[in-house]
Amino acid sequence: AFCIYALVIDSIPWKLPSWVVLSPVRYVWLIPATMLPQAAMGLLYPSFGPDTSAGLLPMPWVLAYYGIFFMFGAIYFDHPDPRGQVGRWWWLTLPVALLAVFPLGYELTMQRGLIDVEWVGTSNRRWLAVFLQATYAWFMTFGAIGMFRSLFSFESKIMRYVSDSSYWLYLVHLPLIVLVQFVICSWLLPSSLKLFLICTITIALSLLSYHFCVRYTFIGTLLNGPRRRPQVVVDAILIDEPSGEAETVSPQE
């Protein structure tokens, strides 16, 4: 998506106005665009949200779905947002998404009988479910951006490390989950404990592989840009022989 956007933006002398990208007007074009690939998902096995590509090559509609999010990221990159306008209404979008959009969209999609949806015509339920799924994705995305920008904008080495490792964890977690599941599937343990072990072992292996095999290697440079190992600064102690007095000198001196 970034490559396509770069080629397109280089070929035209203008870019989208900031108000189309940063203001709530963005929902007017982002939600319908997301609905198109979303409508092709969940036809055989209903599920709330996008499908998952199980093969090496992604399914076209799944690729198109995530491509829209990557495309918006590329567009947003060209529009400075020092005031955090895209997440400005996070205190509203997050509750609406979690307490209204998700329950109704889930019921319309899965039809579990948890919420009365008889007021929605049968012919309209599918498209309303698709609309709510797309709305939920964008409300949660911008809501999370705004929440973390407002509440967690302070410097934290732990959060910085987790943020740096997140892309690698996203890429590597699926095969690790499959591997760990295969190993412990025959263990005589409660399913809840197995779930806990799968998550814990997967996260631990992912972080270890990131730290020792990715963070300071060409893979880390490819994913997050170049990064140098922290240098341990050890003060040198110089002794003045005639007086016998010790003097501490930093390496910079």
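## Exercises on salt bridges, ring pairs and cores

Arg-215 and Asp-164 are both buried (under 20% relative accessible area; exposed is over 50% and partly exposed lies in between, with a 1.4 Å probe and protein chains only). The model is predicted: local features require pLDDT of at least 70 and side-chain atom pairs pLDDT 80 or more, while totals for chains, interfaces and linings use all residues. Residues are numbered from 1 along each chain as its sequence is written, and side-chain values use heavy atoms, without hydrogens and water.

**Exercise 1.** Determine which residues are linked in a network of salt bridges.

*Solution.* 

Step 1. Apply the criterion: a side-chain nitrogen of Lys or Arg within 4 Å of a carboxyl oxygen of Asp or Glu. The structure holds 3 such bridges.

Step 2. Consider the bridge between Asp-164 and Arg-160, whose closest N and O atoms are 3.8 Å apart. The two residues are 4 apart in helix H7, so about one helical turn separates them. (Helices are DSSP runs of H or I with at least four residues, strands are runs of E with at least two, and both are numbered from the N terminus.) Asp-164 has a relative accessible area of 7%, whereas Arg-160, at 46%, is partly exposed.

Step 3. Arg-227 is partly exposed, at 29% relative accessibility.

The network comprises Arg-160, Asp-164, Arg-215 and Arg-227.

**Exercise 2.** Classify the ring pair of Phe-69 and Trp-138, then that of Tyr-161 and Tyr-210.

*Solution.* 

Step 1. Rings of Phe, Tyr and Trp (its six-membered ring) pair if their centres lie within 6.5 Å; planes under 30 degrees apart are stacked, over 60 edge-to-face, and the rest tilted. The count by this rule is 19 aromatic pairs.

Step 2. For Phe-69 and Trp-138 the centres are 4.1 Å apart and the planes meet at 15°, so this pair is stacked. It joins helix H4 (residues 60–77), which holds Phe-69, to helix H6 (residues 122–151), which holds Trp-138, across 69 residues. Both Phe-69 and Trp-138 are buried.

Step 3. For Tyr-161 and Tyr-210 the values are 5.6 Å and 80°, giving an edge-to-face pair. Tyr-161 belongs to helix H7 (residues 157–184) and Tyr-210 to helix H8 (residues 191–213), 49 residues apart. Tyr-161 is partly exposed at 24%; Tyr-210 is buried at 1%.

**Exercise 3.** Identify the element that gives the most residues to the largest nonpolar core.

*Solution.* 

Step 1. Such a core is a set of buried Ala, Val, Leu, Ile, Met, Phe, Trp, Tyr and Cys residues joined through side-chain atoms within 4.5 Å. The largest has 30 residues; among those touching the most other members are Tyr-27, Trp-138 and Phe-142.

Step 2. Two or more residues come from each of helix H2 (18–22), helix H3 (26–38), H4, helix H5 (90–110) and H6.

H6 gives the most, with 9 residues. A second, separate core of 6 residues includes Trp-168 and Tyr-210.
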